[in-house]
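Here is a short briefing on one protein structure, meant to be read with the sequence and the model side by side. Please look at both before turning to the points that follow.

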Amino acid sequence: MSEGAAKKEDRRKFQAIRGTRDLLPPETELWNRVEQTAHEVFATFGFGEIRPPIFEETELFARSIGEETDVVSKEMYSFPDPLDLGEMYAQYRSLETTSPGAGQFAVWANILPGSQLIAARPEATASVCRAYIEHGMQQLPQPVKLYYLGPMFRRERPQKGRYRQFYQIGAEVLGGSDAPAIDAEVIEMVMTFFDRLELQGVQLDINSIGCRDCRPKYVELLRAELLKVKDKLGPDSQRRIETNPLRVLDSKLESEQGIIATLPRIADHLCEECAKHYAEVKHQLRLRGVMYRENWRLVRGLDYYMRTTFEITAQGLGSQNAVCGGGRYDGLVELLGGPPTKGIGFAIGEDRLILSLQESGKAPAAQGRDVYIAWMGERAHATAVRAAKDLRKAGFSVELPPMEQKFGKALGQADKLGARFALILGDNEVASGEWTLKTLADGSQAKFTERDLLEHLRKSL
Ligand code: AMP
């Protein structure tokens, strides 16, 4: 590369990586409101917040979510821990020295010892279970009720409502019993949260996907039936007959809908215990006044779910309309090396939740400043600085221009920022101690002493 070209390259503009985006004001106000509501509502159900790390051992996700799932096999941002690269290189060199080619083979076959893969978390349930085990939370009063919020990472094809860095708000109930009332209360909590946000067009779908006893039998039956109609299915579904036949039920392909409608339904193949559990979950939901729809085709994309599964859709999201997914995952903690533990949880897609709120006009209007301080002159500046401090202390949003402006320009600026009031401070005001307050909506003006001004603003904002 010539020097000129290198310089040009240096000056290129950076852009956010595909599938990631900046959340900006005023939209971030809505994000904050949503998150604040989550903190409040979840606390009323006795949940405490957990903040697990953003990256974990890749193996944690592979083991819990399942190697065959799209999330693990295709979408995870997984990489060797850079701290180990030096060590790997030393090992490579030493292998190459003793037997040329051996080092290269070890790299190619991914068998160099000491290299640990880490992954940006694609979801947080595995992390919460890991933390439950790591901190011996089974010693605490059971069940342990935790919630989290934060970014997740999946290398999916970006589209509306689907990002590579997206945000989830989720909760997990770990330990204790698998009483159906727990399932119902968890669902009730999400619905209460959505209700508080006035999310529109909320639809709750529920299903039971059985347990380790009855599900494999159903899956085999499903596989056998699918094999009979294999050539009528698309390539994705054909592949899934082998890897995960349940996922065929998820298919949105128009041509497959007729065939899927004729497949055996899991509700007819649940074992007695699972059938009883499912019936009781529905009863408990009705007790709580939670409206649901049974959807026998609802299966979840992650391997660890069993029995109760649910999904919530909302208005204005097009094909990516699932705003929350969840279910029971008894056995997951055990799978990760912990004691036998019951578990149930959900994850809300915060990006989609926000999108739906915006589409239905539930987003708050951008908040302008309360007061713009238009000052002129050295003495007025000192007063303006003090006034800004006092007004902010009283909780008002204040814009204090850093440089003197002509009053006309200052008022124009106040208008552009959507300020409710302009506080005019010039030599006259400082000398008399009577400050001028202009209401920008109607242009009216009134004079106030410093004390009366605070009182007046409190009443009118
Ligand atoms: P899952 O962890 O796959 O059960 O997803 C739970 C929820 O997270 C979904 O219902 C979506 O609302 C949201 N979600 C999953 N993947 C994405 C993504 N790539 N972009 C935005 N939201 C997502």
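Helix H18 (residues 450–460) lies across strands E12, E14, E15 and E16 and runs at about 20° to E15. This is a predicted model, in which local features need pLDDT of at least 70 and side-chain atom pairs count only at pLDDT 80 or more, while totals for chains, interfaces and linings use all residues. Residues are numbered from 1 along each chain as its sequence is written, and side-chain values use heavy atoms, with hydrogens and water left out. Helices (H or I, at least four residues) and strands (E, at least two) are DSSP runs, numbered from the N terminus. Angles run from 0 to 180 degrees between N-to-C directions, with axes taken as lines fitted to C-alpha atoms, for helices over the stretch in contact, where contact means heavy atoms within 4.5 Å.

**The open sheet and the helices across it**

- Five strands form an open sheet with mixed pairing, in the order E13-E12-E14-E15-E16; two strands count as paired if DSSP finds at least two bridges between them.
- The edges of this sheet are strand E13 (398–399) and strand E16 (445–448), each of which pairs on one side only.
- Strand E14 (residues 421–425) pairs with strand E15 (residues 435–439) in the antiparallel sense over four bridges, and Phe-421 has Thr-439 as its bridge partner in E15.
- Helix H15 (residues 378–393) lies across strand E12 (371–375) and also across E13, E14 and E15, running at about 170° to E12.

- Strand E9 (residues 306–313) pairs with E10 in the antiparallel sense over six bridges, and the partner of Glu-311 in E10 is Gly-325.
- E10 pairs in the antiparallel sense with strand E11 (residues 343–349) over five bridges; Gly-326 has Phe-346 as its bridge partner in E11, while Gly-325 stands opposite Ala-347 in E11.
- Strand E6 (residues 165–174) also pairs with E11 in the antiparallel sense, over seven bridges, with Gln-168 standing opposite Gly-349 in E11.
- Because six of the seven residues of strand E10 (residues 322–328) are buried, this strand is largely enclosed by the rest of the structure; buried means under 20% relative accessible area, exposed means over 50%, and partly exposed lies in between (1.4 Å probe, protein chains only).
- E11 is mostly covered, since seven of its seven residues are buried.
- From E11, Gly-343, Gly-345, Ala-347 and Gly-349 point one way, whereas Ile-344, Phe-346 and Ile-348 point the other way, and all are buried. In a regular strand the side chains alternate between the two faces of the sheet.

- The buried residues of H8 include Ile-182, Asp-183, Val-186, Met-189 and Phe-193, and just after the helix Glu-198 takes a positive phi of about 60°.
- The side chains of Asp-183 and Arg-328 meet in a salt bridge (2.6 Å, N to O), a term for a side-chain nitrogen of Lys or Arg within 4 Å of a carboxyl oxygen of Asp or Glu.
- This pair links distant parts of the chain, with Asp-183 in helix H8 and Arg-328 in strand E10, 145 residues apart; both Asp-183 and Arg-328 are buried.

**A network of salt bridges**

- The structure holds 25 salt bridges, and Glu-56, Arg-130 and Glu-134 are linked in a network of them.
- Glu-56 forms a salt bridge with Arg-130, where the closest N and O atoms are 2.7 Å apart.
- Glu-56 lies in strand E2 (residues 55–57) and Arg-130 in helix H7 (residues 125–134), so the pair ties together parts that are 74 residues apart in sequence.
- Glu-134 also forms a salt bridge with Arg-130, the closest N and O atoms being 2.9 Å apart, and these two residues, four apart in helix H7, are separated by about one helical turn.
- Glu-56 is buried, with a relative accessible area of 8%, whereas Glu-134 is exposed, with a relative accessible area of 54%.
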